[in-house]
Amino acid sequence: MNAKLANYTNQVKARQLQRTLYLCAKGSQTRRFHALYDKMYRPDILWEAWRRVKRNRGSSGVDNQTLEDISDYGEKKFLNELYIELKEKNYHPQPVLRTYIPKDDGKKRPLGIPTVKDRIAQMAMKIVIEPIFEADFQGSSYGFRPRRNAHQAIAKIRKESKRKYWVLDVDIQGYFDNINHEKLMKLVEQRISDRRVLKVMRKWLEAGIMEDDSLEQSLIGAPQGGVISPLLSNIYLNAMDTIWEKQFRHLGSLIRYADDFVIMCKTKQQALEGIRVIQGIMKKLDLTLHEGKSKLVHIWDDRDGFDFLGFHHRKFPVRKKGGHLFYFMYHIPSKKAMKKMRKKIKAYTSPRSKLHVEIGELIDGLNRKLQGFKNYYQLSPMSKRWLNHIDWYVLERLNIFRNNKKNRQYKHAYLQETAREVHYRLVKLAV
């Protein structure tokens, strides 16, 4: 009970600090904050940072120290040592550990995993400085921000589609790997003048990357995987958001989620002008557009659509009373999302090591995956058709699992038997 009360007290104190900083930043767009470093190592902030890092889980960094190791060592003792390091300015981050995750196109996405200690320090700084920059962020940005999510961005697309029929679908080539450190730091310095905070932030950016026991210098980029990286990436692209909102909003509506964004325009001429504007802004930020993935889409009717945030956005015909045909924007799971979900389901049900598991236990595990898929993708009645495909694929995989478990040959009649037996225990996606 005492631990829960302490956690709650730390959360309240952290929120109070964040609210104060946000209101100060919102009250003056030119104010620069010079006394932030001492707040970063406040015991309540470090405890809240540790709680959030532990909640997010994650693997170890180059020192192989895990969250469990810290719990065994003693959380209080570990945080006290970090407190002393930060207070006495003896804190030095370690390189990030390079790891790769497979992408749907067969390529691999590079991640940089900081040590647990560095993640806690980054989270502490994020708690302190995030509200300052939140006061400046534009309403067009939805990714990795408090109280903002992908569904809000999709709702904005649906609203704008009623009067804007040209969509500029933009992809930035290797965004996180090409962030210019000097330009990023200049953007940070517009709000923060505390040299101690800036010094630590630069250390994180220049900590280097450890891959196969060799250290590679990080002269540009903010490695994906770091706690502070999403905030820094938003600060960097907020320059684009601000320029667009102040000078080019008349061309169309910008909707951005992290490094992915679309611009919705009324006319083709506005869209073409928007392309030139974005190219100019990207050049100033030392970034380039991915020509193969960026495209211009006409969404007047159902002939074309675009993928964004895992959805395929397209207008579908709906016939109203009186025979009038209208086109309404719907959001359905993209082909890539459907393929990825089938791959997850197959990977979960196919290993022979799971044949000893009872089918009820397997279903419980599947339900956890299916519930998340349903919560994200079931936005409109049109999604039901695609979610039905996943429902039937799940039953097919369960039938294969049951046949392998019972060493029986595949039979359609047995698929129906399995469906009747387990369907009531599955999360029904298309409802």
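Close-up 1. At 54% relative accessibility, K336 counts as exposed, because exposed means over 50%. This is a predicted model. K336 lies in helix α12. Together with K107, R109, K293, K340, K344, R368 and K369, K336 forms a positive surface patch. Two helices, α12 (335-349) and α13 (359-377), each supply at least two of the patch residues. Which element gives the largest share of the positive patch? That element is α12, with 3 residues.

**Close-up 2. A negative surface patch around D63.** D63, E68, D69 and D72 form a negative surface patch. D63 is found in the loop that runs between α3 (43-56) and α4 (67-73). Its relative accessible area is 30%, so D63 counts as partly exposed.

**Close-up 3. A salt bridge within helix α6.** The structure holds 19 salt bridges. One of them joins E130 to K126, with the closest N and O atoms 3.2 Å apart. Both residues lie in helix α6 (residues 116-134). They are 4 residues apart, about one turn of the helix. Are E130 and K126 buried or exposed? E130 is buried, and K126 is buried too.

**Close-up 4. A salt bridge between K183 and D286.** K183 forms a salt bridge with D286. The closest N and O atoms are 3.3 Å apart. K183 lies in helix α8 (residues 181-189), while D286 lies in the loop between α11 (268-284) and β8 (295-298), so the pair ties together parts that are 103 residues apart in sequence. Side chains of opposite charge can pair when their charged atoms come close. K183 counts as partly exposed, at 30% relative accessibility. D286 also counts as partly exposed, at 39% relative accessibility.

**Close-up 5. The D301 and R303 salt bridge.** The side chains of D301 and R303 meet in a salt bridge, at 2.9 Å from N to O. Is D301 buried or exposed? D301 has a relative accessible area of 9%, and therefore counts as buried, since buried means under 20%. R303 is exposed, with a relative accessible area of 65%.

**Close-up 6. A network of linked charges.** Salt bridges link K156, E160, R163 and K164 in a network. Lysine, arginine and glutamate side chains take part in this network.

**Close-up 7. The hairpin of β9 and β10.** Strand β9 (residues 305-308) pairs with strand β10 (residues 311-319) in the antiparallel sense, over 4 bridges. The two strands form a hairpin with 2 residues between them. Which residue in the turn has a positive phi? L309 does, with a value of about 60°. Across the pair, F306 stands opposite H313 in β10.

**Close-up 8. The hairpin of β10 and β11.** β10 also pairs with strand β11 (residues 325-333). The sense is antiparallel, and the pairing runs over 9 bridges. How many residues lie between the strands of this hairpin? There are 5, and G322 takes a positive phi near 95°. H313 has H331 as its bridge partner in β11.

Key
Residues are numbered from 1 along each chain as its sequence is written. This is a predicted model: local features need pLDDT of at least 70, side-chain atom pairs count only at pLDDT 80 or more; totals for chains, interfaces and linings use all residues. Side-chain values use heavy atoms; hydrogens and water are left out. Patches are made of residues with over 30% relative accessible area and no salt bridge: like charges are joined within 9 Å, nonpolar side chains (Val, Leu, Ile, Met, Phe, Trp, Tyr) within 5 Å. Accessible areas come from the Shrake-Rupley method with a 1.4 Å probe; for residues, only the protein chains shown count as cover. A salt bridge is a side-chain nitrogen of Lys or Arg within 4 Å of a carboxyl oxygen of Asp or Glu. Lys and Arg count as positive and Asp and Glu as negative; His and the chain ends are not counted. The place of a charge is taken as NZ of Lys, CZ of Arg, CG of Asp or CD of Glu. Buried means under 20% relative accessible area, exposed over 50%, partly exposed in between (1.4 Å probe, protein chains only). Two strands pair if DSSP finds at least two bridges between them.
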